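Please look over the sequence and the structure shown here before reading on.

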Amino acid sequence: MRYAQGGGLTDAERAARERVRLDAVARFEAGDRNKVIANALRVSERSVERWRRQWREGGAAGVASKGSPGRPRLSDAQVARLERELERGPLAHGWADQRWTLARVKKLIRRLFRISYTVEGTWRLLKRHGWSWQQPTRRAIERDDDAVELWKKGGLAAGKSTAAACDGWIVFEDEAGQSLTPPRARTWGRTGRTPVVRVRGRVSMVGMTCYKAGERSRLIYVVREYRGRKDQPKGFGSRDFRVLLVRARIQLGGPIVLVWDNVRIHLTADLREFFAANTDWLTVFQLPVYAPDLNPQEGVWSMVKHDLGNLAAADLGHITRTVKRKLKMLQYRPQLLDGCLTGTGLALDA
């Protein structure tokens with residue numbers, strides 16, 4: 001069984017090391033001291049001493065590299081196959097979850113090629129070919145990537161054509177919320193006794209990012225607090241969306257092509273009736289299911305919540321003020337709104 005101890009060096013790396021050894025031989029012959037050579041070649045004095053001893057015993061041939069015991073054991077074709085198998089994911093190879101660990105990659109290499117690597121050698125192999133240890137993003141397993149691609153080509157194209165025909169705006173809508181407990185907050189507590197934070201209250205947000213060729217991008221939003229009082233709405237209802245759409249039409253001064261997701265509140269009968277009664281200025285397109293990455297408003301929420309991550313809020317009003325301040329700042333920075341659109345991979349000018 002062949003055994004790759006350290007994952008090996010590339011041809012370029014081996015050539016570079018050989019050049020350093022040849023340069024050291026030339027400096028030995030010129031009479032340079034070990035410390036001078038080590039500083040010039042950026043190697044340790046101990047390596048220079050070893051090379052000098054080999055030079056005295058065998059000349060230049062004695063200093064020449066004998067080859068790396070960790071020489072790569074996988075050919076280019078095998079590496080290409082390994083990368084294809086890694087792209088398929090751990091589920092395709094019998095593991096229950098979707099994380100590639102070094103131990104699993106090591107086992108996969110042995111299974112595919114009958115070659116054993118150490119964990120360190122596996123790390124070096126992956127690193128050398130452009131792989132790194134990363135935190136994965138979450139994506140619903142129900143998502144249909146084919147439907148998403150089809151919507152990019154068909155649904156968005158129809159929306160752009162409609163907006164161009166009526167000289168209107170393409171408006172992406174989404175909702176978000178923030179409770180009094182920040183998502184990444186930590187606090188000091190006695191060892192072995194987990195601190196308990198009792199929370200009551202939530203800030204609900206609904207926003208619209210608005211785009212039109214030749215116009216500055218706009219952001220329209222509403223923020224509402226929920227403090228747990230009786231008969232106080234927890235979020236936004238269909239009436240709130242109707243009012244917001246009318247307000248958006250007034251502010252934008254033109255027809256609207258609305259793009260939003262398929263949550264239940266967006267599909268209610270009264271909203272469908274409202275859309276049918278206002279087809280002269282309002283056209284609605286639904287995003288594919290489980291495709292938040294197609295909505296630039298998600299990028300706006302990401303920027304807003306970045307400032308809330310470790311906010312030690314004194315009360316719910318503190319969160320509300322922070323949210324409104326951030327959203328107000330984004331209204332005056334259309335380039336950030338354009339960046340949110342670019343991040344979706346959509347282009348409204350094509």
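Trp133 has its place in the loop between helix 6 (119–128) and helix 7 (145–153). The model in which this residue is seen is a predicted one, and the points below are grouped by topic.

**Trp133**
- With a relative accessible area of 69%, Trp133 is exposed, because that value lies over the 50% that marks exposed residues.
- Although Trp133 and Trp100 are 33 residues apart along the chain, their C-alpha atoms are separated by 9.0 Å.

**His93**
- His93 is also found in a loop, which lies between helix 4 (76–88) and helix 5 (102–113).
- The relative accessibility of His93 is 14%, so this residue counts as buried, the limit being under 20%.
- Leaving aside residues up to four places away in sequence, His93 touches Glu85, Arg88, Trp100, Leu108 and Arg111.

**The nonpolar cores**
- In the largest nonpolar core there are 31 residues, and those with the most contacts inside it are Phe172, Met205, Val300, Val304, Val323 and Leu327.
- Among the elements that give two or more residues to this core are strand 3 (169–179), strand 4 (202–211), helix 11 (296–306) and helix 12 (316–331), and helix 12 provides the largest share, five residues.
- Val300 touches Thr209, Leu219, Leu327, Leu330, Leu337 and Cys340, when residues up to four places away in sequence are not counted.
- A second, separate core has 20 residues, including Phe241, Leu244, Leu245 and Ala248.
- In soluble globular proteins, nonpolar side chains tend to be buried together.

Terms used:
Residues are numbered from 1 along each chain as its sequence is written. This is a predicted model: local features need pLDDT of at least 70, side-chain atom pairs count only at pLDDT 80 or more; totals for chains, interfaces and linings use all residues. Side-chain values use heavy atoms; hydrogens and water are left out. A nonpolar core is a set of buried Ala, Val, Leu, Ile, Met, Phe, Trp, Tyr and Cys residues joined through side-chain atoms within 4.5 Å. Buried means under 20% relative accessible area, exposed over 50%, partly exposed in between (1.4 Å probe, protein chains only). Helices (H or I, at least four residues) and strands (E, at least two) are DSSP runs, numbered from the N terminus. Contact means heavy atoms within 4.5 Å.
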